[in-house]
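Here is a short tour for anyone meeting this structure for the first time. Have a look at it below, and then we'll walk through some of its local details.

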Amino acid sequence: MQQARDPLPDKIDVNVPSVARMYDHILGGKNNYAVDREAVDELLKVVPSTQALALNNRRFLQRVVRVLAREYGIRQFIDHGSGLPTQDNVHQVAQQVDKDCRVVYVDNDPIVLAHGRALLEENENTTVIQADMRDTEGILEHPDTVRLIDFDQPVAALFVSVLHCIPDADDPAGLVRRVAGRLAPGSLLVVCQLVSQDPETRRAVTDFMAESTGGNWGRVREPHEVDGFFEGLEVLEPGLVEVSTWRPDSDLGPKQTTWEWQEYGGVGRKP
């Protein structure tokens, strides 16, 4: 099958930490570099609960995809800021429900394109495109997206633990509304991001990540700001919550020993 192809990167900058590679390291992956591991070590000094938070966030992603496929009949997923492939990726979870589920992964990190392409080479219902998640038109009109996604049918648009990478000047709430506006009624938007009630934690983490990633960061926000991302959407039960409590399979997930920050969000349905 012929597919549109974004060019593979000539080189990857291993001197600046990448959010995707840091997350990969936290989850126990191997697609990261010393600079990413060092940044994670420093981040853990600021917010010791980071690893449990990341593991719970990953479980939320897997759980929500399974629920949307099984209970809501969703067969199309666009995963914004997907990060590096790891175990039980979106396509693997969705295609366990229905092998015909279609998934478009989107990330701007060139290493994600390289590793994702290798993983998905034999899966004709899945693709990975290199794009900035703020480029809604470029993503939704990309040839591979058009090949896989029927925009006359409901789609699940995923923004899982990525909107804290978007600065206020780029209007993350507007990004969610822009994507929702392009999707069919009945589509579902999964949105969560890092939040904290503590001003010092928000400042310290935001400053650390902005400096470490060369400015590729937005802001740790407050829960009420994330609530605003769901304007115009019908929020599914159990509402907007710390993500380990969103329809949990059990209470056996990793426990955060401190709560200086958390992953907060849920699922909204387009009327």
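## An exposed spot to start from

Let's begin on the outside: Asp152 has a relative accessibility of 66%, so it counts as exposed. The cut-offs are simple: buried means under 20% relative accessible area, exposed means over 50%, and partly exposed is in between, using a 1.4 Å probe and protein chains only. You'll find Asp152 in the loop between α7 (143-148) and β4 (156-160). Asp152 and Leu183 sit 31 residues apart in sequence, and their C-alpha atoms are 7.7 Å apart in space.

Before going on, keep in mind that this is a predicted model, where local features need pLDDT of at least 70 and side-chain atom pairs count only at pLDDT 80 or more, while totals for chains, interfaces and linings use all residues. Residues are numbered from 1 along each chain as its sequence is written, and side-chain values use heavy atoms, with hydrogens and water left out. As for the element names, helices (H or I, at least four residues) and strands (E, at least two) are DSSP runs, numbered from the N terminus.

Helix α1 covers residues 19-26, and its buried residues are Ala20, Arg21, Met22, Asp24 and Ile26. Just after α1 comes Gly28, with a positive phi of about 90 degrees.

How do α1 and α2 pack? Their angle is about 70 degrees, and their axes are 9 Å apart. That makes α1 roughly perpendicular to α2. Here the axes are lines fitted to C-alpha atoms, for helices over the stretch in contact, and angles run from 0 to 180 degrees between N-to-C directions. Angles under 35 degrees count as roughly parallel, over 145 as roughly antiparallel, 65 to 115 as roughly perpendicular, and the rest as oblique.

On the α1 side, the contact is made by Arg21, Met22, His25 and Ile26, and α2 brings Val35, Asp36, Arg37, Ala39, Val40 and Leu43. Contact means heavy atoms within 4.5 Å. Sorted by class, the residues of this contact are 6 nonpolar, 1 polar and 3 charged. In that sorting, Ala, Val, Leu, Ile, Met, Phe, Trp, Tyr, Cys and Pro count as nonpolar, Asp, Glu, Lys and Arg as charged, and the others, Gly among them, as polar.

## Helices α3 and α4

Now for another helix pair. Helix α3 (residues 50-71) packs with helix α4 (residues 90-97) at an angle of about 30 degrees, with the axes 9 Å apart. The two are therefore roughly parallel to each other. From α3, the contact involves Leu61, Gln62, Val65, Arg66, Ala69 and Arg70, and from α4 Val90, Val93, Ala94 and Val97. By class, that gives 7 nonpolar, 1 polar and 2 charged residues.

Ser49 lies in the loop between α2 (34-46) and α3. With 2% relative accessibility, Ser49 counts as buried. Setting aside neighbours within four places in sequence, Ser49 touches Gln256, Thr258, Glu260 and Trp261.

## An aromatic pair

How many aromatic pairs does a search of the whole structure find? There is 1. The ring centres of Phe60 and Trp246 are 5.8 Å apart and the planes are at 85 degrees, so the pair is edge-to-face. Rings of Phe, Tyr and Trp (its six-membered ring) pair if their centres lie within 6.5 Å; planes under 30 degrees apart count as stacked, over 60 as edge-to-face and the rest as tilted.

This pair links distant parts of the chain, with Phe60 in helix α3 and Trp246 in the loop between β7 (241-242) and β8 (262-269), 186 residues apart. Phe60 is buried at 0% relative accessibility, and Trp246 is buried at 0% too.

Most residues other than glycine have a negative phi, and most peptide bonds are trans. Ser161 is not a glycine, yet has a positive phi of about 55 degrees. Ser161 sits in the loop between β4 and α8 (172-182) and is buried, with a relative accessible area of 16%.

Arg247, also not a glycine, has a positive phi of about 45 degrees. Arg247 is in the loop between β7 and β8 and counts as partly exposed at 23% relative accessibility. Finally, a cis peptide bond joins Glu237 and Pro238, with omega about 10 degrees. Pro238 lies in the loop between β6 (234-235) and β7.
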